[in-house]
Every structure is written in C-alpha cells, then in structure tokens.
Amino acid sequence: MIREDLRRYIEQEILPLYDAFDRGHRRDHAHQVIERSAQLAEAFDVDAEMVYAIAAYHDTGLRFGRENHHSDSARIVLADGELRRWFTEEQIVTIAQATEDHRASAARAPRSIYGRIVAEADRLIIPELIIRRTVQYSLANFPALDCEGHWLRSQEHLHEKYDEGGYLRLWIEGSDNAERLERLREIIADKEQLREIFDKIFDEEQNKKEPV
C-alpha cells in the first residue's frame, strides 16, 4: 500500500513536471512506468513505496536536458526534503541510485533490485510504442529535419538500441519484455515493414496539436 499523503505529494508536485517534456516522456509515460514497476515488484521482497517513488522520479531530470537526465533525476531525489517525511536517509540513497541506474545506455548493471525493477519497467517494449517514442523524440529535438531525415535518424536509433548487439539490456528474468523485444527486432530487420509503420506514426505525430 502507498500512503495517501505520499501519493498526493507525488501526484501534485512530481508528476506534473512530466507535462513539459517531449511527447514520449509525458505524464502518461510516468504512470505506465509506475504501474509496470508495481507489477514487477510483486515477485520480489521490496518496499512498494520505494518502488513507487523511484518510478515517479525516474525521468524528472529531463527538465535539465536529456544527456544527463539520469544523474539529474538522482540529484532531484537527494535534494527533495519532502521525501524525508516517508523515507530514511538510507532509503533515499537507494531511491536516488535506482533513478540514476534506469538509463538504458548505462555502462553497468543497476546497483540494486530497485534499479533493476524500474529499469525493466521503463523499457516498456511494445513495438509500435517504441517506434512512436522514437519518432516523437526526433520531432521534438531535430525540428529542422524533413521526413527522410527523421526516417534515417529513427532507423539508426532503433538499430543502435534494440537490434542484436544493441546497448539495451533487460534486467528481470522472465519479464515479457524479452518476447516483445524479439518481435521488435523482427520489425527492425524488415525495412519495408518498419518504413510502413514509421510513415503511419510520423503522419499521426505531425498532425497532433500540442495542448494549449
């Protein structure tokens, strides 16, 4: 169970930060990672409130840019005095480390089971969702590119991260991400199919209007 005052603080003060991020990392993404983390955590002897906090804070560092967002997220956790209402200093250090360790391109494994849980939850390997988030990121960060430029950049990113030998790592044995990753790799290997999905998503994202 998550204490109501902790949940209220997260919902009112932390999750609204995601509203300013790119479309692939808005509040719906945070909620997805929170929900998925809770599901994965059921298989382990862990503190549910710590899992909840890590998932909620994991991408907050995007407010300072993407390159170091994982370490910035950890700094936000350590600097948030309100968290001392619910967690010990030792727990807060673990929460900060786990938020930092969630990044897919990290050179080392997460330092705790908490980091493994949230890193796995953040993968959210649903093929069309992965391709959509890739397109969303490209549109948000490379606005000068035309459609072909976004296609080439998206294709390169998908190969670099998700293909055989890519830098993505899965951390929870038995997670359904493994099966979904195989399906995504099949799509990436089929250039014609990948282009068809890309074009559909690209048109949809181009025609979306940002909320006022």
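Predicted model: local features only at pLDDT ≥ 70, side-chain atom pairs only at ≥ 80, totals over all residues.

Reader: Why are helices H9 and H10 called roughly perpendicular?

Author: Helix H9 (residues 177–189) and helix H10 (residues 191–206) pack at an angle of about 100°, with their axes 5 Å apart. Angles of 65 to 115 degrees count as roughly perpendicular, and therefore H9 is described as roughly perpendicular to H10.

Reader: Which residues make this contact between H9 and H10, and what is its make-up by class?

Author: From H9 come Arg-183, Ile-187, Ile-188 and Ala-189, which meet Lys-191, Gln-193, Leu-194 and Ile-197 of H10. By class, the contact of H9 with H10 has five nonpolar, one polar and two charged residues.

Reader: What makes the pair H7 and H9 oblique?

Author: The axes of helix H7 (residues 127–141) and H9 cross at roughly 60° and come within 9 Å. Angles under 35 degrees count as roughly parallel, those over 145 as roughly antiparallel and those from 65 to 115 as roughly perpendicular, while the rest are oblique; H7 and H9 are therefore oblique to each other. On the H7 side the contact is made by Pro-127, Ile-130 and Ile-131, and on the H9 side by Arg-180, Arg-183, Leu-184 and Ile-187. By class, this contact of H7 with H9 has five nonpolar, no polar and two charged residues.

Reader: How do you know that the buried residues of H1 line one face of the helix?

Author: In helix H1 (residues 4–14), Leu-6, Tyr-9, Ile-10 and Ile-14 are buried. Seen down the axis of H1, these buried residues fall within an arc of 95°, so they line one face. Glu-4 and Gln-12, on the other side of H1, are exposed, whereas the buried residues of H1 pack against helix H3 (48–57).

Reader: Which residues have the most contacts inside the largest nonpolar core, and which element gives the largest share of this core?

Author: The largest nonpolar core has 38 residues, and those with the most contacts inside it are Ile-10, Tyr-57 and Phe-87. The elements that give two or more residues to this core include H1, H3 and helix H5 (89–101), and the largest share, eight residues, comes from H3. Apart from this core lies another, of 18 residues, among them Ile-131, Val-135, Leu-184 and Ile-188.

Terms used
Residues numbered from 1 in each chain as written. Heavy atoms only, no water. Axes fitted to C-alpha atoms, helices over the stretch in contact; angles between N-to-C directions. Helix = DSSP H or I, 4+ residues; strand = E, 2+ residues; numbered from the N terminus. Contact = heavy atoms within 4.5 Å. Nonpolar A, V, L, I, M, F, W, Y, C, P; charged D, E, K, R; others polar. Buried < 20%, exposed > 50% of the residue type's maximum accessible area, 1.4 Å probe, protein only. Arc of directions from axis to C-beta. Core = buried A, V, L, I, M, F, W, Y, C linked by side-chain atoms within 4.5 Å.
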